[in-house]
Amino acid sequence: MDLHKNSRAAVLGCFLILSTLFSDASANLVFSVSHKFKGRDGRSLSELKAHDFRRHGRILAGSASAVDLQLGGNGHPSETGLYFAKLGIGSPSKDYFVQVDTGSDILWVNCVGCTNCPKKSDIGVKLTLYDPKSSSTSSSVTCDQEFCTSKYNGQLPGCQPDLLCQYDVTYGDGSETAGYFVQDTIQFDEGTNGSVVFGCGAKQSGQLGKTSEALDGILGFGQANSSVFSQLAASGKVKKQFAHCLDNVRGGGIFTFGEVVEPQVNNTTPLVANQAHYNVVMEAIEVGGDVLQLASDVGTIIDSGTTLAYLPQEVFDPVMKNVLAKQPDLNLHTVDDQFSCFQFSSNVDDGFPSVTFHFKNSASLTVYPHDYLFQLKEDVWCSGWQSSGLKSKGGDSMTLLGDLVLSNKLVIYDLEKQTIGWADYNCSSSIKVGNEKTGGEDTIGAHNISSASTFTIGRLILTFFLLISAVF
């Protein structure tokens with residue numbers, strides 16, 4: 001599904017215009033994953049929303065074992081942004097840091113000779129340019145090969161036998177990555193490797209070339225055949241299931257491929273068929289016990305790559321009205337032209353109501369005040385609920401639920417049953433995932449890694465302390 005933006009008011013409502021995979025032995029596969037904005041002193045609230053906007057623009061059978069992606073960082077809106085994974089590519093293997101994204105499909109990394117690729121990052125990782133010629137296991141993917149024809153539903157215009165298969169991804173803010181597909185070996189932390197087709201970035205534009213948010217690329221976990229997840233499933237390495245548990249209390253959390261056998265999650269809702277993203281149907285919203293009547297079922301996208309939560313205007317207005325109903329004397333201020341903020345010295349969980357989303361098949365997801373309100377400084381809080389102009393191709397209103405809603409919950413994506421489910425969970429603990437190869441279970445523990453973890457996790461940059469001080 002592609003969603004588009006026409007003005008700043010709809011900046012948050014853009015999904016990827018995509019033009020954009022695994023095979024080998026069964027074993028535990030591990031990514032090292034960190035939060036993209038962790039500990040940065042140069043980030044603003046507007047930058048956070050711009051990051052979400054760019055995200056929106058981008059918006060298993062066989063003898064399988066668990067795949068453990070080591071997580072790091074913190075999903076708190078005033079501290080961090082996206083998660084990223086460390087993986088090895090090529091022979092000999094070199095480390096690359098790529099954004100982990102359930103809202104897009106392909107894996108791509110910046111390549112040697114690319115135009116406008118960042119040379120350094122403010123996130124706290126060392127960037128590396130991929131060179132296909134330096135890897136003994138690299139091979140080109142031409143436009144007449146099955147991967148390319150399958151990706152584009154036929155041969156590209158002007159295709160000749162030796163022409164490379166091209167990719168081009170344009171984001172809603174105008175940022176763009178373009179290049180060509182290659183195939184090479186991916187190395188995971190526990191020594192398992194596999195062969196994957198991915199994009200070799202030859203040209204970047206917009207925010208993708210800036211050092212403030214620079215990574216080596218993006219690793220998509222969407223449903224398309226071109227995603228790493230789909231390639232792993234097609235090769236029989238993993239079942240068509242994965243799960244994450246994002247810990248915004250201690251940081252890090254759990255991200256794994258495979259069937260979660262403990263704990264059991266029975267609170268599930270069906271995925272909407274034939275959608276590029278993880279779409280579900282929202283039927284009602286309950287705020288503090290009051291059920292808000294929706295004009296019609298509201299389509300909803302579950303996306304761990306987005307930080308905040310974006311509601312259509314017709315949903316946002318009554319939600320905010322009910323959220324603030326118990327505090328009529330609050331003096332609201334707009335910070336950074338976008339965030340509703342206020343002073344509040346008591347416990348927010350006592351002063352504000354929980355918000356519960358009700359989905360098809362009686363599934364519900366509850367978001368607590370300490371999740372949807374984030375603290376800028378002592379006694380100053382802001383709301384993470386945001387109004388957006390998200391629309392489907394058919395013109396229907398859409399809701400986008402990111403880390404603000406998903407944190408501190410075990411979320412299970414079951415593509416065999418075409419369902420998604422969740423449960424409140426201690427994401428600093430562990431889960432058990434079935435291992436078909438051994439007939440047993442693998443214990444997947446929480447991780448909190450990254451070179452950025454040595455950074456001080458500042459609440460907000462100096463600019464915004466000054467803004468808040470001026471306002472309050």
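The model is a predicted one. Its largest nonpolar core has 81 residues, and UniProt places the feature "active site" at Asp101 and Asp303, in an unreviewed entry.

**Nonpolar cores**

- In soluble globular proteins, nonpolar side chains tend to be buried together.
- The largest such core here contains 81 residues, and Phe257, Phe352, Phe357, Trp385 and Val405 have the most contacts inside it.
- Helix α4, which covers residues 313-323, gives this core its largest share, five residues.
- The core lies between domain 1 (45-257) and domain 2 (261-425), because both domains give residues to it.
- Another core, of 14 residues, lies apart from the largest one; Ile106, Trp108, Phe147 and Cys148 are among its members.

**Contacts of Trp385**

- Trp385 is one of the residues with the most contacts inside the largest core.
- Leaving aside neighbours within four places in sequence, the residues in contact with Trp385 include the aromatic residues Phe316, Phe357 and Tyr372.
- Val319, Val323, Val355, Val367 and Val405 are also among the contacts of Trp385.
- The rest of that list is made up of Ala309, Leu311, Met320 and Leu404.

**A three-stranded sheet**

- Strands of a sheet pair through backbone hydrogen bonds, either parallel or antiparallel.
- In this model, three strands form an open sheet in the order β13-β29-β30, with antiparallel pairing.
- Strands β13 (260-262) and β30 (440-445) are the edge strands, and each pairs on one side only.
- From one strand to the next, the twist averages 45°.
- Strand β29 (residues 430-435) pairs with β30 over six bridges, in the antiparallel sense.
- Asn435 has Gly440, in β30, as its bridge partner.

**The annotated active-site positions**

- The "active site" feature at Asp101 and Asp303 comes from an unreviewed UniProt entry.
- These positions are spread over 203 residues of sequence, yet they cluster in space, with a largest C-alpha distance of 7.7 Å.
- Asp101 is part of strand β4, which covers residues 94-101.
- Asp303 is in a loop, between β17 (298-302) and β18 (309-312).
- Are these two residues buried or exposed? Asp101 has a relative accessible area of 0%, so it is buried. Asp303 is also counted as buried because its relative accessibility is 0%. The cut-off for buried is under 20% relative accessible area.

Note on methods
Residues are numbered from 1 along each chain as its sequence is written. This is a predicted model: local features need pLDDT of at least 70, side-chain atom pairs count only at pLDDT 80 or more; totals for chains, interfaces and linings use all residues. Side-chain values use heavy atoms; hydrogens and water are left out. A nonpolar core is a set of buried Ala, Val, Leu, Ile, Met, Phe, Trp, Tyr and Cys residues joined through side-chain atoms within 4.5 Å. Buried means under 20% relative accessible area, exposed over 50%, partly exposed in between (1.4 Å probe, protein chains only). Helices (H or I, at least four residues) and strands (E, at least two) are DSSP runs, numbered from the N terminus. Domain bounds come from an automatic or database domain assignment. Contact means heavy atoms within 4.5 Å. Two strands pair if DSSP finds at least two bridges between them. Axes are lines fitted to C-alpha atoms, for helices over the stretch in contact, and angles run from 0 to 180 degrees between N-to-C directions. UniProt positions are given in the numbering used here, feature names are shortened, and annotations may be inferred rather than shown by experiment.
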